[in-house]
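Please keep the sequence and the structure in view while reading.

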Amino acid sequence: MPQSRRGRGPRLAGSRVANTSLPRAPAQSPRRAVRGAPTSSHAQHLTRRRHSSEPVPEGSAPLADFRSGKWLQERAGGDAGNSRQAPRAEMDSRDRICSWEVVIPYASDSDSGSVDLQLSNLEDIIKGPSRFEFTDSFRYLTHGDTFSEADVENLIESIQEFFHGELKSEHEKLTYLRSLSSLSQTLPYDETTESFIHSHIADIVHNLYILVKEEPLHSLFSPVRQEVFVTITDLSYQDVHLLFGSEDRVDLFSLITKSIITLPSEKTLTQLQEIIPSGSYKSECLYRQTFQVFSEMLQSLVVKDPHLENFDIILKHMDPWLQSVKDHERERATAIIAQVLKCLCMHLNLKLPLRFQRLGHLVALMVLLCGDPLKEVAEEAAEGTHYLLHITLRLKYITEDKKNHPILRGAMKNCRELLEFYSIKPFYTSPFKIAQIFEVFLDSNELGQFVLTVLDGLKNLKHSCTQQLAGKLLMSLVENAEFRFEKVPEIVGVICAQLSTISQPSVRQQVITIVSLFISRPKYTDIVISHLLYHPVPYDRNLTEMWRTLKVEVPSTTGILSRLLRMLQTCHNEPTQEKMAYLAVAATDALYEVFMGNKLQEAMFQLFPQLLMTLLIQIHHSIGLTMSDVAIPSGLYTGQEMSSKVTPLCFAIQATKTLLLRTLCLQEFNIMEKNEGWALLAGKDCHLQGVSLLANALLKRNHVLAHKILYLLVPLLNRGNAKHKLTSAGFFVELLQSPVARRLPGIYSIARLKDWLHHGNNIFKILALTGLYYIIRHQEMREDIQSLLPCILDLLWETDEKIVLLAIQILLLLVRTMDFSTLAAMMRTVFSLFGDVRPDVHCFSMTLFGASVKSVKYADRKGVENQVLNSLLPLLLYSQDENDAVAEESRRILTICAQFLNWKLPQQVYCKDPWYIRTSEVETICKFFGKKCQEKVNILAQALTFSKNAKLPIRRAAVLFVGIFSKYLDHNELKMKGTKWIEDDLRQLLHDPEPSLHIIVSQALFQIQKVGAEPEPEQTVCGLRKLMCCLPT
């Protein structure tokens, strides 16, 4: 038979040859059987007695083992090769599955001492390719000559027949599988075989998939599964991998893994055989052998795995079973992975680049399994962890940069010291000690993997002890290596997701403490907060508990609140958007939950000014909005319905309330409650009233906090958008009442208010005037306001009533300090406001006019005398206004003006009854004004203008005054101007719908006509004189 033309080296393992009519393939290379090779395989030492039916040779040296003493006494491995070659002791010759020979990987039993980590020369482990080197890598228990070409052709034809037909009977299936295994032996030297195998891999994979698929999932009555594993193993040793690569191979790997792991427990299988006899095979032996062959199949995949690529794939498939909630599945998976780790450790020859990037995940799995409540699982995991540590040392030496080798040596020194401190057996049964050792070697990414994997252990609801172990492990690791993590967002995300599955209060608190540790470190604070905020609001009970129970040191509490504040303030500083940023709503809700928890009380007091103002600004931004007006990130509320009661405003209001209560501002809270302050804050048109109410409450009840806010607002007024500035300005203005405001430089007070007076927004003008009104009360600041008088006077022409009233109030305080020209100009302006349709403006304009009259100096009286005279009749007529306040103020100001003119008004002026009821009193008043006033026609003309007033009482009073006052007109003036213009104006009033006015107008017309028809008084006098002269003396 021709030798291999491909230069293929000796295979690392062989397999059994089927005892059929087909010839068997012998070993080809002399290197496969080395003289003096020991008779036991390394696979023997990887499984328990239940996985092998053969006794352990008495001469075998025991491997280092960390299981119980009972396990060490009962342990039996036997040569797995012998178990597959020799007839089973439990079966007679006619019941044997078949006669076969096996070729299996071999390792010396004398290597047990080489894995003792208590040895002082730990560094030797990482310097060589492996401490586990053997004089003979593999042993083949085969004999005979090589296959002839005819034999190969017969094998190929036999296999091809199965490709095109169905494998129905057990005999056909086994024949097919053993033919494949036999053919695989010829791969090293036969090109026909190589071509055939490689061209039909898809068919082979498909057939194997079907064979495994047809096997019952809950029973083991035939060796077909076992033969499938052996066939895959044989091909693997010839570098033909049926489990890696394409999707169908991956599916095959998943299926065969599931088929062996999900089998019922060995006890169940035995009971099942008693109920349903399986014929020739004993379930116990069949189970152990199948399990052993499956383990050897996986080991064959890592024997030559310098890049750990195959091991990474194996771990991915075994991962879910290592975390299974079913004890027997977890036990099998742990035993298998322990054997794979041992095999890998024995044949470790790492080369870059390494494909295995999940060391932290694997370490965490093994640590959790070492603390498994099932004793058998913990023992298997302890052995696997032993070999994993050796692999880790070598792996780190390979992957670490040479510059970091001194660091690695230092880590190994710490590792050795810890191992010397702990005894071996207790060490591998203590997950905390294991984690402590491995933590030294894991990088930041691997530490993240470790934590994420341990967090997955929190989902284990079946075993509460596993939850407790996971919680303590997390605490221990995070405290020791908190600055070396990179996957903090992922860790926090998993914690948030898993918290709902943790029922034990102590474990919940441990997990929350981990978040507290991360959030309290400046390096991670922003990362953690940002992740926590990216959850639906209102937060669920788990996230609420997390916010409320954060445990951090005092310096960190301020950092947490300040970062939440900064995130919220960032949203306020942005120009007004179509939709509110979700971050603003989430941060507000987070602040509320933190306040409710009251764990950060000291920071709340320290940041009270910033917190209060930021929340008030958030309230202003939230008015009138619903959650549909918030830019919610996509996918955040998947499958969740948002209640219509949940609004951004409700979060802001409740956070503000809670802040006041937690900072002991109870009086202020009460004032807000009594005066409906919260409703005012939430109102679109009255928000600033609510702000003013709260500011005044603080100023009255807690002036220290109020003063802190005042100083905070000085720079804050220039920041943010319009709503931000309005709320800040509203609070700032109210605080100007405080005596502390006198200490503020003018640039921060009066100059800022002056700018607001010219602002395009009337609200800012109102706030500016309010601020000026408060500042004027501080006597030392009045002089600085004098320069603003022209601007304030201009505001009297504003249409906004509040602006005009505030301007009048300020002018009332400054009227005594005005120079004459300013005072005269102000009196003219204020006089024009008499009769304003806005009652308050009308009333206060008269008040200011009266104050101005009283403020005129003696030397300046002549300059305003005409202005005062012109105001008399309007004031007299407005004393008849239907508004009692206006009427009363008119009479008061009329008195002031009369005193200015040194007049004594008749008492009838102060009568509160309407004039049309007491015409006699009107006669007296008109007579008085007729005697005192010059140019009576002008007074009559002035009265006629009021006959067109919108208010009926004023029209009636004006017409009545015209009719009666006409008696006292100067006939010369009347003759010059005539009465027609008066009559015309009065006749227009006859169309007024008010009957009482008709009567008064008719009387006035009659009186005017009568006055116009009367002869001149001089003519009458002359006639009398002539008559007197004619009389005798």
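Are F928 and F929 buried or exposed? Both F928 and F929 are buried, where buried means under 20% relative accessible area, exposed over 50% and partly exposed in between, computed with a 1.4 Å probe on protein chains only.

The model is predicted, and local features need pLDDT of at least 70, side-chain atom pairs count only at pLDDT 80 or more, and totals for chains, interfaces and linings use all residues. Residues are numbered from 1 along each chain as its sequence is written, and side-chain values use heavy atoms, with hydrogens and water left out.

## Overall composition

The secondary structure of the protein chain comes to 50 helices and four strands. These elements are DSSP runs numbered from the N terminus, with helices (H or I) of at least four residues and strands (E) of at least two. The protein chain has 1033 residues, of which 58% count as buried. Contact means heavy atoms within 4.5 Å. Among contacts in the protein chain with a separation of 6 or more, 76% are between residues 24 or more positions apart.

## Aromatic pairs

The structure holds 18 aromatic pairs. Rings of Phe, Tyr and Trp (its six-membered ring) pair if their centres lie within 6.5 Å; planes under 30 degrees apart count as stacked, over 60 as edge-to-face and the rest as tilted. The ring centres of F311 and F356 are 5.2 Å apart and their planes stand at 65 degrees, so this pair is edge-to-face. F311 belongs to helix α12 and F356 to the loop between α13 (327–346) and α14 (359–370), so the pair ties together parts that are 45 residues apart in sequence. F311 is buried, with a relative accessible area of 2%, and F356 is buried as well, at 6%.

The rings of F928 and F929 have their centres 5.7 Å apart and their planes at 90 degrees, so that pair is also edge-to-face.

D305 is found in the loop between α11 (283–302) and α12 (309–322). This residue is buried yet has no salt bridge, a salt bridge being a side-chain nitrogen of Lys or Arg within 4 Å of a carboxyl oxygen of Asp or Glu. The nearest side chain of opposite charge, R355, is 8.5 Å away from D305; Lys and Arg count as positive and Asp and Glu as negative, while His and the chain ends are not counted. A polar atom of the D305 side chain lies 3.2 Å from the backbone nitrogen of N310. Leaving aside residues up to four places away in sequence, D305 touches N310 and F311.

S516 lies in helix α22 (residues 505–519) and counts as buried at 0% relative accessibility. What does S516 touch, not counting residues up to four places away in sequence? Its contacts are T549, L550, K551 and V552. S516 and K551 are 35 residues apart along the chain, and their C-alpha atoms are separated by 5.6 Å.

Helix α34 (residues 722–735) has 14 residues, which should span 20 Å at 1.5 Å a residue, and its end C-alpha atoms are 20 Å apart, which agrees. The expected span is 1.5 Å times one less than the number of residues in the helix. Eleven of the 14 residues of α34 are buried, so the helix is largely enclosed by the rest of the structure. Among these buried residues are H724, F731, F732 and E734.

## Backbone features

Most residues other than glycine have a negative phi, and most peptide bonds are trans.

| Peptide bond | Omega |
|---|---|
| L352 to P353, cis | near 0 degrees |
| V537 to P538, cis | near -5 degrees |

P353 is placed in the loop between α13 and α14, and P538 lies in the loop between α23 (522–533) and α24 (541–548).

Positive phi values occur at D239, near 65 degrees, and at E676, near 55 degrees. D239 lies in the loop between α8 (224–237) and α9 (247–261) and is partly exposed, with a relative accessible area of 39%. E676 is found in the loop between α30 (666–674) and α31 (677–682) and is exposed, with a relative accessible area of 57%.

How values were computed. A polar contact is a pair of N or O atoms within 3.5 Å; within protein, one must be able to donate a hydrogen and the other to accept it, and residues adjacent in sequence count only if both atoms are side-chain atoms.
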